[in-house]
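Subject: Handing over a structure

Dear colleague,

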Amino acid sequence: MQINPGAAEFPHRQIAAQLKAQVRRGDWGPGERLPSIPAIAEMFGVAKQTVQRAVDQLRVEGILITKPGSGTYVRGTRRRLNRLSRGRYGGFRGYHTDLAARYRQQLVSVGHSPAPPEVADAFGVPDGTELLCRRHLVRTDESPVEVGVSWFLPTDTAGTTLERAEAFGRPLYQEAEEATGRRYVSATDTLSARQPSREEAEILQIRPDTPVLHLLHVAYDAHRKPIEVAQATWPGPMTTLTEEYKIPAPAEEADPDPGLVLG
């Protein structure tokens, strides 16, 4: 392990690149602890602060995770977004028996809260309007990977099961359809990147400067009126978005217009 003092790249970035290459080669596997900061500094012949900057960079990129009092480890999992929110509905409208096992979703709270601007805009109500919200946290064995909340109009949910602080054992949209009497027909997903709030950074156990991916999901009924507005936030470097789709075949060329002059 060595750095090139004459290179244009900063020493900590050179170290980060070499550590990343070692992780990619499998020198350290998922969940495996790296040597201590002083040990790595001795390997490269640099100050401990330089190695700390390299480790911090790889933490932001989602490659390493630091456990206080224990050490620095290779992060074991990446959160794969399955076609944004389409996975919540599945390939068909049916009961998802493995939902809880796959996502390990934990209901955090149920109650009324002021609507943030993007949610208020989606429902067409003033900012701060009190709406019913169901907050959840998604975890892996290793760490939290998603904070989310589903918002509903109180006029749709008053006296229904949606107000109960309990999990339903089936996808939320199915419970919402039954409770509100309105069917989910279409939806829009808006994905953006931003810095996390202090609360999000604490819950997701990430540094405040780690970017997050934020999803706004709006589900509509047949009259294009929102039933549910959902927000989900994931650590950006630990999250990948994969979309698989078919590419339309070329349309058969029509005969040119006889009256059109080409060339």
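To begin with the side chains, Lys-67 lies over the face of Tyr-73, at 4.6 Å from the ring centre, where a charge sits over a ring if NZ of Lys or CZ of Arg is within 6 Å of the ring centre and within 35 degrees of the ring normal. Please keep in mind that this is a predicted model, in which local features need pLDDT of at least 70 and side-chain atom pairs count only at pLDDT 80 or more, while totals for chains, interfaces and linings use all residues. Residues are numbered from 1 along each chain as its sequence is written, and side-chain values use heavy atoms, with hydrogens and water left out.

Arg-224 belongs to the loop between β8 and β9, and has a positive phi of about 65° although it is not a glycine. Its relative accessibility is 47%, and Arg-224 therefore counts as partly exposed (buried means under 20% relative accessible area, exposed over 50%, and partly exposed in between, with a 1.4 Å probe and protein chains only). Gln-205, in the loop between α8 and β8 (212-220), also is not a glycine and has a positive phi, of about 60°; at 48% relative accessibility, Gln-205 counts as partly exposed. As background, most residues other than glycine have a negative phi.

Turning to the chain as a whole, its secondary structure comes to eight helices and 10 strands, where helices (H or I, at least four residues) and strands (E, at least two) are DSSP runs, numbered from the N terminus. Of the 263 residues in the chain, 41% are buried.

Helix α7 (residues 172-180) is mostly covered, with seven of its nine residues buried, among them Leu-172, Tyr-173 and Thr-180. The buried residues of α7 pack against β5, β6, α6 (154-157) and β9, and just after this helix Gly-181 takes a positive phi of about 75°.

Strand β9 holds Ile-227, which counts as buried because its relative accessibility is 0%. Leaving aside neighbours within four places in sequence, Ile-227 is in contact (heavy atoms within 4.5 Å) with residues including Phe-123, Trp-151, Thr-180 and Tyr-220. The C-alpha atoms of Ile-227 and Trp-151 are separated by 8.7 Å, although the two are 76 residues apart along the chain.

Ala-193, by contrast, is placed in strand β7 (residues 186-194) and counts as exposed because its relative accessibility is 61%.

Finally, the second largest pocket is lined by 17 residues, of which Arg-135, Val-147, Val-149, Glu-199 and Glu-200 lie nearest its centre. The elements that give two or more residues to this lining are β5 (130-139), β6 (144-152), α8 (198-204) and β9 (226-235). A pocket here is an open set of points on a 1 Å grid over the protein atoms alone, where a 1.4 Å probe fits, with protein on both sides within 12 Å along at least five of seven lines, and lining residues have an atom within 4 Å of a point.

With best wishes
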